[in-house]
Amino acid sequence: MTTSTYTVKGMTCGHCVSSVTEEVGQVPGVAGVEVDLATGLVTVTGEGVLDDAAIAAAVEEAGYEVVTA
């Protein structure tokens, strides 16, 4: 099991959390998604190596942005 955490910018409510959870959950290989609205952190678990680009694209599809260092 692999776990990665991403910082997402722009989430302000429960609907935002639902949108991000739904979109990221559809990425192949993703087994679970946990979103912390207060911190903007999205923790993704998967069976193998997670595709960071696909997860970032899913977050953008939901209408938000992954903050990169």
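First, the ground rules. This is a predicted model, in which local features need pLDDT of at least 70, side-chain atom pairs count only at pLDDT 80 or more, and totals for chains, interfaces and linings use all residues. Residues are numbered from 1 along each chain as its sequence is written, and side-chain values use heavy atoms, with hydrogens and water left out. Helices (H or I, at least four residues) and strands (E, at least two) are DSSP runs, numbered from the N terminus.

Now α2. This helix spans residues 52-61, and I55, A56, A58 and V59 in it are buried. Buried here means under 20% relative accessible area, exposed means over 50%, and partly exposed is in between, with a 1.4 Å probe and protein chains only. As background, an α-helix has 3.6 residues a turn, so residues three or four places apart point the same way. The face of α2 turned away from the buried side carries the exposed residues A53, E60 and E61.

What covers the buried residues? The cover includes β1 (2-9), α1 (14-25), β3 (41-46) and β4 (65-67). Contact means heavy atoms within 4.5 Å.

Next, the two ends. At the start of α2, a side-chain oxygen of D51 comes to within 3.1 Å of the backbone nitrogen of A53. Just after the helix, G63 has a positive phi of about 105°.

On to the helix pair. The axes of α1 and α2 come within 8 Å and cross at roughly 140°. Axes are lines fitted to C-alpha atoms, for helices over the stretch in contact, and angles run from 0 to 180 degrees between N-to-C directions. The two helices are therefore oblique to each other; angles under 35 degrees count as roughly parallel, over 145 as roughly antiparallel, 65 to 115 as roughly perpendicular, and the rest as oblique. At the crossing, V20, E23 and V24 in α1 meet I55, A58, V59 and E61 in α2.

Back to V24. Its relative accessibility is 0%, so V24 counts as buried. Not counting residues up to four places away in sequence, V24 touches V30, V33, V44, I55, A58 and V59. The C-alpha atoms of V24 and T5, 19 residues apart along the chain, are separated by 12 Å.

One of those partners is V44, which sits in strand β3. V44 is buried, with a relative accessible area of 0%. Leaving aside neighbours within four places in sequence, V44 is in contact with T2, T3, S4, Y6, V24, V30, G32, L50 and I55. The C-alpha atoms of V44 and G25, 19 residues apart along the chain, are 8.5 Å apart.

Two serines to finish. S4, in strand β1, counts as buried at 18% relative accessibility. Apart from neighbours within four places in sequence, S4 is in contact with V42, T43, V44 and L50. S19 is in helix α1 and counts as buried at 17%. S19 touches A62 and Y64, again not counting residues up to four places away in sequence.

Note on methods
Polar contact = N/O pair within 3.5 Å; in protein donor to acceptor, adjacent residues only side chain to side chain.
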